[in-house]
Amino acid sequence: MVMSLTEVAEKIPERRWWALGAVCLGLFMALLDVTIVNVALPAISSDLQTNFSGLEWIVNAYTLVFAVVLVPASRLGDIFGRKTLFMLGIAVFTIGSLLCGLSGGIAMLNMSRGIQGLGASAMMPLSLAIISATFSGKQRGIAIGVWGGVSGLATGIGPVIGGLLVKHIGWQSIFYLNIPVGIVAISLSLWAIKQSKDESAARNIDLFGFIAFTVFMFCLIYGLIQVNQEGNDWTSPHVWQLLGLSLLALVVFIAGELRIKHPMVDPRLFRIPSFTGSAIAAFCLSAGMYALLFNLTIYLQGFLGLDAMESGVRLIAFTAMALLFGPLAGALMGKIGSKRLIVASMVLLTIGVYSMTHLSHHNAPSEWVVLLPGFIIAGIGSGLINPPISNLAVEAVPVQRVGMASGMNSVARQMGSAFGIALFGAILSSRYNSLVTDRVQSLQDNQLTGSAREQVIQAIESAGPMAGSNGLAGIEYEAIFHNDPLLDTYRQIARASFVDGTIDIIRIASVILAVGTVLCLVLIRKNSSIPS
């Protein structure tokens, strides 16, 4: 039986649901690239011959640009049209993905990752704004639920998809994957999404705030990453100059934003205890948990020798728990409240991360199971905490500040991720060098003179934590040590120093989460408003 055109049309979903599909495709791309890259880092390092600092920039170039441009991008969408800016964001992200895949060097890859972050900064906030403008009533709740489900799905399957692509095709494929998805998303957006604007939005952009915040974030992250560079440490004047400039830029930013009529970020919002608590929770979650996944990936692949696919499968223990428990958060918020759910989730995250400190110096692949309890506990906490953080951020502020509050909460997340990766990298590098020095100096061997010891220490330290994780594997290190009979000992020292340094940063990550737990307990309240 042949259906009439009218019957066919009735079976096609309303255009608004196609618009939701377009929005979710863009969101899926942006979030997938956050987790999919982690499992590809060792392969990228090997292919592009980059060091540990170069790997940090692969992640931080994305998160830095994302954090800095997110709020201005939201404002531009309100002024010039959300559909226009959303589609532009997808186009920029897709072009950045193409350039990432074509990158023949680490500098081009990092710049391309920045372009991806620029596109994602428009896609993420405007996706939710488009849903709010397209749906109303119960349908809006359903649409936001789908939006949240896609967020969890992208985060959850990222490591697995990344592992499959890296193992069977190559690391470039994780970026090429975005190209057909981006083309479909743009085409669908062009047809399905209706243009919407905020007619009451200020028509100006806070360039002062944008520049000052950019200087603050860049100098902070760049200063921490510089600690990893050969010849630098925590006492280096260059490092302190960058950190000092970052602090100065932050002071100037706050002072200036307080005087501007339409600031990019209104510092007065932090006078609301509950809003401040939600921002701290978002920052600590990203700094203490999500940033740690960068280092755990190096441990799984570098130290334990797992490939990208095997690492991705093992990370499922964390991401699957986050995906499963995320939908429960909405129901629990209504029963126990946002504060109790956030604090309880932070406690779970703290316990889960701290339980990961039981790493051993044995590099058998089966040793990954020591991380399993931590992955499960932290994964549950991660799933439960994300919805109440976002909900509290917008509930605690006046209606006219909801958009800014949501944007600032997202910025806090990106700041936490960038800060955590840079901080952990700096601490790992410093601890690795210190442990290598102590262990080589303590070697009892009459043939190892004072000058020879210094040369060995310098060679192992120059290799860095990345090479140290795999025991200085590769013929280049055999050439450096000229078939030294103690080479196997040096390799054991490098491995042990990497593991012990990793344990130290896991402990620090748990402290960040514990401090965040206490601050949330103190700051978040049932009722909160701007003080008069």
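Reader: Is the crossing in which α12 passes α20 left-handed or right-handed?
Author: This is a predicted model, in which local features need pLDDT of at least 70 and side-chain atom pairs count only at pLDDT 80 or more, while totals for chains, interfaces and linings use all residues. Residues are numbered from 1 along each chain as its sequence is written, and side-chain values use heavy atoms, without hydrogens and water. A crossing counts as left-handed if the near helix is turned anticlockwise from the far one by less than a right angle, and as right-handed if clockwise. The crossing of α12 with α20 is left-handed.

Reader: How are the directions of α12 and α20 related?
Author: The axes (lines fitted to C-alpha atoms over the stretch in contact, with angles from 0 to 180 degrees between N-to-C directions) of α12, residues 273-290, and α20, residues 487-523, come within 9 Å and cross at roughly 170°. Because angles over 145 degrees count as such, α12 and α20 are roughly antiparallel.

Reader: How many charged residues are in the contact of α12 with α20?
Author: In this contact (heavy atoms within 4.5 Å), α12 contributes residues including Pro273, Ile280 and Leu285, and α20 contributes residues including Ala509, Leu513 and Leu523. Twelve of the contact residues are nonpolar and five are polar.

Reader: Which handedness does the crossing of α4 with α10 have?
Author: Helix α4 (residues 52-80) and helix α10 (residues 207-226) have axes that come within 11 Å and cross at roughly 165°. That angle makes α4 roughly antiparallel to α10. The crossing in which α4 passes α10 is right-handed.

Reader: How many nonpolar residues does the contact of α4 with α10 have?
Author: On the α4 side, Glu56, Trp57 and Pro72 are among the residues that meet α10, whose own residues include Phe210, Phe213 and Tyr222. By class, the contact has one charged residue, three polar and, as nonpolar, 13.

Reader: How many charged residues are in the contact of α2 with α9?
Author: The axes of α2 (residues 15-36) and α9 (residues 178-192) come within 9 Å and cross at roughly 150°. The contact includes Arg15, Trp18 and Asp33 of α2 and Asn178, Leu188 and Trp191 of α9. Its residues divide into eleven nonpolar, four polar and, as charged, two.

Reader: What is the volume of the largest cavity?
Author: A cavity is a set of points on a 1 Å grid where a 1.4 Å probe fits but cannot get out, and lining residues have an atom within 4 Å of a point. The largest cavity is lined by Val71, Pro72, Arg75, Ile205, Asp206 and Met264, of which four are nonpolar and two charged. Its volume is about 40 Å³.

Technical notes. Helices (H or I, at least four residues) and strands (E, at least two) are DSSP runs, numbered from the N terminus. Angles under 35 degrees count as roughly parallel, over 145 as roughly antiparallel, 65 to 115 as roughly perpendicular and the rest as oblique. Ala, Val, Leu, Ile, Met, Phe, Trp, Tyr, Cys and Pro count as nonpolar, Asp, Glu, Lys and Arg as charged, and the others, Gly among them, as polar. On a 1 Å grid over the protein atoms alone, a cavity is a set of points where a 1.4 Å probe fits but cannot get out, and a pocket is an open set with protein on both sides within 12 Å along at least five of seven lines; lining residues have an atom within 4 Å of a point. Grid points are joined across faces, edges and corners, and a volume is the space filled by probe spheres set on the points.
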